Amino acid sequence: MESILHDNPNAEIIRNIISTEWDMFDKVCNLGGRAACQDDSATFFIMRCSQFLPWEKAVLQSYEEDLKKAKETGENLVEMKYAYMMSFDDPEYFDKYLASDMPATGEEKKAAANAAMDMILKGFREAAEEYPAFTRLGRPESGSRKDNAGTSFEVYMRSELLTYSEKTLGLFLEMIKNKIESHVNFACEIYENTAKFYGFASLEEAESVIEYNSSRSPE
């Protein structure tokens, strides 16, 4: 698992980020009690590392600073992300129980998050079209928990973006723009890393294997 990260020049920063996030994730209080995923550090590492590996160093450093400041002030950015998710999945509950404890979100920050999501979702759809078997195993593109088996990719990612500082979000947005200009699909980068973590040589190989196995499965 570490071999994929080892060759990345930002490996130390990524490890520090994931370690801090895991500590925060471990402390998240769920309505139905502790979730099983809070005891699955291996999957957490794979999912988070897959996302961070394509990030530019400046964005990683800024987010690492966000996490450091949050720890110093007693804030839990991961718990905040799940609260934002509730604002989309169950706005009535969010308004009644959570909204008063959340920091104010300025219009400029909302606009930056929306701009980033528009570009990310476009890449997500392109990835789903090119690798339908692999992407089908992950989160659905949109919808709420009331409509799907779990929180959608859009809700999850949008909620995470809102936890970033304005500096980090601005750098992140610029990074996504740069990737698009260079014809790089951020969603495919994440999926490529995930596939490799699970032992495939590439995303293409993972797609072929999953598609083949699905075709052989009894209906």
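Contact here means heavy atoms within 4.5 Å. By that rule, and leaving aside neighbours within four places in sequence, Phe172 is in contact with Trp55, Val59, Ala116, Ile120, Met157, Leu161, Tyr164 and Phe186.

This is a predicted model, in which local features need pLDDT of at least 70 and side-chain atom pairs count only at pLDDT 80 or more, while totals for chains, interfaces and linings use all residues. Residues are numbered from 1 along each chain as its sequence is written, and side-chain values use heavy atoms, with hydrogens and water left out.

**The core**

Phe172 also belongs to the largest nonpolar core, which has 61 residues. Such a core is a set of buried Ala, Val, Leu, Ile, Met, Phe, Trp, Tyr and Cys residues joined through side-chain atoms within 4.5 Å. Buried means under 20% relative accessible area, exposed means over 50%, and partly exposed lies in between (1.4 Å probe, protein chains only). Which residues touch the most other members of this core? They are Trp55, Leu161 and Phe172. Helix H7 gives the most to this core, with 8 residues. In soluble globular proteins, nonpolar side chains tend to be buried together.

**Aromatic rings**

Rings of Phe, Tyr and Trp (its six-membered ring) pair if their centres lie within 6.5 Å; planes under 30 degrees apart count as stacked, over 60 as edge-to-face and the rest as tilted. By this rule the count comes to 16 aromatic pairs. Take Tyr93 and Tyr97: their ring centres are 4.7 Å apart and their planes stand at 40 degrees, so the pair is tilted. Both residues lie in helix H6 (residues 91-98), 4 residues apart, about one turn of the helix. Elsewhere, ring pairs link Phe52, Trp55, Tyr63, Tyr164, Phe172 and Phe186 into a cluster.

**Helix packing**

Helices (H or I, at least four residues) and strands (E, at least two) are DSSP runs, numbered from the N terminus. Axes are lines fitted to C-alpha atoms, for helices over the stretch in contact, and angles run from 0 to 180 degrees between N-to-C directions. H7 (residues 107-130) and H11 (residues 186-197) pack at about 55 degrees, with axes 7 Å apart. That makes H7 oblique to H11. Angles under 35 degrees count as roughly parallel, over 145 as roughly antiparallel, 65 to 115 as roughly perpendicular and the rest as oblique. Ile120, Gly123, Phe124 and Ala127 in H7 meet Phe186, Ala187, Cys188 and Tyr191 in H11.

The axes of H5 (residues 77-89) and H6 come within 5 Å and cross at roughly 135 degrees. H5 and H6 are therefore oblique to each other. Here Ala83, Met86, Ser87, Phe88 and Asp89 in H5 meet Pro91, Tyr93, Phe94 and Leu98 in H6.

**Exposure of single residues**

| Residue | Relative accessibility | Class |
|---|---|---|
| Thr168 | 0% | buried |
| Tyr93 | 24% | partly exposed |
| Gly106 | 34% | partly exposed |
| Tyr97 | 45% | partly exposed |
| His183 | 75% | exposed |

Thr168 sits in helix H10 (residues 166-181). Not counting residues up to four places away in sequence, Thr168 touches Val59, Ser62, Tyr63 and Asp66.

Two residues of the table are in loops. Gly106 is found between H6 and H7. His183 lies in the loop between H10 and H11. His183 has a positive phi of about 60 degrees, although it is not a glycine.
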